[in-house]
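Hello,

Here is the structure I promised to pass on to you. Please have a look at it first, and then read my notes below.

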Amino acid sequence: MLSKIRGRKQPKTYGYVFVVTYGRSGSTLVQGLLNTLPRTLVRGENNMYVLHLFRAMHSVQSFRKTHLKHNPKASHSAFFGLNEITPASFVESTRTLVTGHLLGSVAPDEVDRLGFKEVLWHRIRPAETEAFFDFLDKAFPGAQYVLNERNHDKVVGSGFWQGQDQDEVMQAITRVEEIQAFLRETRSDRVLDLRYELLTSEDQPTSDAQLRSIAEFVTGSCDDALLGQLQETRKTGHGPYPFGKSRDRDKRRAEADSSE
């Protein structure tokens, strides 16, 4: 039996990259650019469910500390088996679960890097920030973080945020920027700063510098052929209303309503 365990094929290890930003910052374009890179698969938003896994771990560990005195190793204990629920088991299970979700129907050997972009990072409470990212780093060793930003007036005026309380919108954006600052300070070698205005600049050298930085950050290099592919992706735009088209959409709606 032991020889079978030793000879068992180990699961493939991946590099991980996560886009940390807020809604209407150009995050879907960044997602598309990352997916243009060779052997890289970055999925879209998932309602930040990894945060719930972290909180579940924290909750059960607090419960575990309280009741370890009740001899959970004994079969007659009301807490039998509670000692087996460890932080390490949560970390391993989270890696397996999320990696499987990110791969989906894609064969494991087709990619080397996995990740997702999310716009709900503001849900992380200030008091749990450090512990959450420690958990994320353990579950996804060497994780890289792409920090995407955009001018606030363009973000707040977009279709995504319209109709929401502006104070709450700014609180969400500010909270994400606090998290971005935390990552810069604590993981400076594993973060990349992007800015939508530079990425979509009509000045090609400015835009190309951002595109090259993405490739170099994730894959280690960027030749002219890959830069050309990234340029094509950038021209296409991503999301339901890329390049600020939601503003035009809402303007047309307002004009139509006023003419009725």
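To start with a definition, rings of Phe, Tyr and Trp (its six-membered ring) pair if their centres lie within 6.5 Å; planes under 30 degrees apart count as stacked, over 60 as edge-to-face and the rest as tilted. This is a predicted model, where local features need pLDDT of at least 70 and side-chain atom pairs count only at pLDDT 80 or more, while totals for chains, interfaces and linings use all residues. Residues are numbered from 1 along each chain as its sequence is written, and side-chain values use heavy atoms, with hydrogens and water left out.

There are 11 aromatic pairs in the structure. Ring pairs join Tyr16, Phe18, Phe54, Phe116, Trp121, Phe132, Phe133, Phe135, Phe140, Tyr145 and Phe182 into a cluster.

Helices (H or I, at least four residues) and strands (E, at least two) are DSSP runs, numbered from the N terminus.

The ring centres of Phe54 and Phe132 are 5.5 Å apart and the planes are at 85°, so that pair is edge-to-face too. Phe54 sits in helix α3 (residues 49-67) and Phe132 in helix α5, 78 residues apart.

Both Phe54 and Phe132 are buried (under 20% relative accessible area, with a 1.4 Å probe and protein chains only). Phe18 and Phe140 are buried as well.

Best wishes

Note on methods:
Buried means under 20% relative accessible area, exposed over 50%, partly exposed in between (1.4 Å probe, protein chains only).
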